[in-house]
Amino acid sequence: MEYTRPDWDTYFVAIAMMAATRSTCLRRQVGAVITRDRQIVSTGYNGAPPRVAHCLEMTCAREFLGVPSGERQEMCRGSHAESNAIAQAARMGIVTDGTTLYCTHEPCSLCTKVILTAGIVRVVYVRGYPDKLAAELREESGVKFECFPAGKAGAALKKMLHSCMLFEE
């Protein structure tokens with residue numbers, strides 16, 4: 001297999017996919033990476049706050065009650081990957097103004113509001129998420145939200161792991 005370096009978007013999307021593997025959500029594993037000038041400044045995944053039990057340790061209230069995906073988010077013990085990456089940056093004293101966020105999933109309306117408030121100027125995501133309000137906020141804000149091809153992301157991650165001899169076919 002011939003080795004080729006991935007472009008920057010592919011590289012950071014693949015890292016967001018790896019961050020998603022730390023998720024404690026039973027429904028959806030999401031990862032996020034915040035970068036500035038091609039350097040990672042923060043990462044995040046969806047899960048409960050530090051020192052709080054998560055759904056892998058107990059049960060998911062939304063799953064138990066049959067709450068559909070995208071509804072009643074206030075019932076969830078966890079925070080979304082994008083919000084966690086922004087909070088982690090804030091905790092470490094890192095300014096997010098002018099950064100790019102890479103995420104495995106399109107941000108919901110709550111995360112979109114946090115992203116816009118944090119001054120992030122570009123968002124690259126892989127999988128869509130149906131949220132009409134989020135789409136309206138993105139359109140109005142003028143911030144770039146770009147969908148990265150899912151097939152390219154998965155293939156790139158597999159190729160990177162294979163080239164590092166961490167993945168066997």
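Which residues line the largest cavity?

**View 1. The lining of the largest cavity in the predicted model.** Cys25, Leu26, Arg27, Cys55, Cys60, Arg62 and Cys76 line the largest cavity. By class, five of the lining residues are nonpolar, none is polar and two are charged; Cys and Leu count as nonpolar and Arg as charged. The largest cavity holds about 40 Å³ of space, and a search of the whole structure finds one cavity of 30 Å³ or more. A cavity is a set of points on a 1 Å grid over the protein atoms alone where a 1.4 Å probe fits but cannot get out, and lining residues have an atom within 4 Å of a point. Volume is the space filled by probe spheres set on the points, which are joined across faces, edges and corners.

View 2. Strand S1 (residues 31–36) runs antiparallel to strand S2 (residues 39–45), and six bridges join them. Strands are DSSP runs (E, at least two residues), numbered from the N terminus, and two strands pair if DSSP finds at least two bridges between them. Arg36 has Gln39 in S2 as its bridge partner. Two residues lie between the strands of the hairpin, and Asp37 in the turn has a positive phi of about 50°.

View 3. Arg122 lies in strand S4 (residues 122–127). Arg122 counts as buried because its relative accessibility is 17% (buried means under 20% relative accessible area, with a 1.4 Å probe and protein chains only). The side chains of Arg122 and Glu146 are joined by a polar contact of 2.8 Å (a pair of N or O atoms within 3.5 Å, of which, within protein, one must be able to donate a hydrogen and the other to accept it; residues adjacent in sequence count only if both atoms are side-chain atoms).

**Notes.** The model is predicted: local features need pLDDT of at least 70 and side-chain atom pairs count only at pLDDT 80 or more, while totals for chains, interfaces and linings use all residues. Residues are numbered from 1 along each chain as its sequence is written, and side-chain values use heavy atoms, with hydrogens and water left out.

Conventions: Helices (H or I, at least four residues) and strands (E, at least two) are DSSP runs, numbered from the N terminus. On a 1 Å grid over the protein atoms alone, a cavity is a set of points where a 1.4 Å probe fits but cannot get out, and a pocket is an open set with protein on both sides within 12 Å along at least five of seven lines; lining residues have an atom within 4 Å of a point. Buried means under 20% relative accessible area, exposed over 50%, partly exposed in between (1.4 Å probe, protein chains only).
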